[in-house]
Amino acid sequence: MKKIFIVIGSLDIGGTEKQLLLKLLSLNKKFNFGLVAFLRKGDLYDNFIKNGIRVYDISNNSKFTIFKIIKVLTKFILLLRKENPSIVNLYLPHSYLIFGWLTFFFSNIKFLMTRRSLNNYQKKYPFIKILESKILHKRMKYILVNSRAVYTQMMEEENIKKEKLKLIYNSVEINDSKKEYIKHKRIRIIFLANLIPYKNHKLVIEACRELKKFNFQINIVGDGDKNYTNELQNLILKYNVEDKFKFYGKCKDLKKILNESDIGILSSNEEGFSNSILEYMAKKLPVIATDVGGNSEVVKHGYNGYIVKKGDYKNFAKFLKKLILDADLRKKLGSAGFKTVKENFEVSKNIINYYNFYKSL
């Protein structure tokens with residue numbers, strides 16, 4: 001049985017980590033997986049352990065400095081020599097930049113990189129683009145991506161040959177296909193995204209300035225940057241829309257909130273492929289999302305939701321108003337969204353693709 005190491009910073013609650021849990025739950029009996037966390041354990045750590053997934057915690061709970069990098073790099077080298085995996089799959093840029101150099105020293109191991117976002121981070125640090133495109137990309141056996149947008153960007157901007165790229169979309173579990181449409185007195189809108197600036201919650205607050213007279217509540221589910229959270233709360237006070245927002249933080253009962261929601265929204269400035277959108281559609285929610293990354297690969301404008309330009313709060317407000325006022329439209333678009341995820345993004349289809357890919361190695 002092939003031994004496969006997957007290396008990731010932490011097992012915090014986020015789209016990437018939840019997708020990883022779904023994948024390993026289905027494939028752990030087919031392959032000998034080892035999950036390596038090098039920054040911290042994270043809130044999902046126990047979920048992996050209790051499901052029989054082996055996790056190597058090589059973090060030391062210190063601040064992320066050059067000394068910590070040296071320590072985790074040393075620990076990982078010793079782990080590779082001891083366990084001798086045949087495949088190492090590096091998840092996300094920080095994992096890639098720290099451990100990708102080991103390809104020069106472990107020629108017996110096939111190294112893979114998983115990119116799950118657009119390369120916007122390279123614009124902040126141009127030297128990273130040089131390191132990746134000129135050196136590290138060439139050392140990878142394959143590069144896995146989760147949207148056509150990321151796939152195209154890597155070919156056109158980072159000169160990756162299509163033979164080296166493998167596209168496997170995110171997926172979602174579909175457990176409840178019989179959601180009943182309950183007419184609430186107050187329309188419930190879910191915004192599932194960690195509180196980090198690129199998710200651009202501010203756009204939604206701006207949109208609500210246009211909709212003060214309507215009866216709805218936006219439930220923001222996610223945790224993150226405290227300074228950014230304070231900025232959002234101050235903006236809500238400034239625009240006098242306190243009654244329109246509720247912050248849930250880290251939520252252990254996400255299914256309950258999803259089941260009670262009427263509309264799902266996402267206003268990001270950047271995405272690879274949004275897991276939140278799939279979770280909305282699996283619960284038959286119509287979606288409003290910004291046209292970034294792979295969002296338009298699942299949200300079809302006017303069919304299962306609405307796509308608006310990044311930063312366009314006026315059109316965001318326009319379509320939100322439309323859905324708030326029209327229950328039949330919500331039901332129609334929500335049903336179409338459920339059909340979309342069931343036919344194209346249900347977890348079993350995704351797992352088959354991963355199984356065939358790993359087996360081919």
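## Salt bridges and buried spots in a predicted model

Glu210 is partly exposed, with 42% relative accessible area. Lys314 pairs with Glu210 in a salt bridge whose closest N and O atoms are 3.7 Å apart. That pair joins distant parts of the chain, with Lys314 in helix α12 (residues 313-325) and Glu210 in the loop between α8 (201-208) and β9 (216-221), 104 residues apart.

In total, the structure holds 15 salt bridges. Here are three of them, for a quick look:

| Salt bridge | N to O distance |
|---|---|
| Lys250 and Asp43 | 2.5 Å |
| Glu206 and Arg209 | 3.1 Å |
| Lys314 and Glu210 | 3.7 Å |

The side chains of Lys250 and Asp43 meet in one of these bridges. Lys250 sits in the loop between β10 (245-249) and α10 (254-259), and Asp43 in the loop between β2 (32-37) and α2 (45-50), so the pair ties together parts 207 residues apart in sequence. Asp43 is partly exposed at 38% relative accessible area. A network of salt bridges links Asp43, Asp223 and Lys250.

Now for Ile58, found in the loop between β3 (54-57) and α3 (66-83). Ile58 counts as buried because its relative accessibility is 8%. Leaving aside neighbours within four places in sequence, Ile58 is in contact with Val36, Ala37, Phe38, Val72, Lys75 and Phe76.

Technical notes:
Residues numbered from 1 in each chain as written. Predicted model: local features only at pLDDT ≥ 70, side-chain atom pairs only at ≥ 80, totals over all residues. Heavy atoms only, no water. Helix = DSSP H or I, 4+ residues; strand = E, 2+ residues; numbered from the N terminus. Buried < 20%, exposed > 50% of the residue type's maximum accessible area, 1.4 Å probe, protein only. Contact = heavy atoms within 4.5 Å. Salt bridge = Lys/Arg side-chain N within 4 Å of Asp/Glu carboxyl O.
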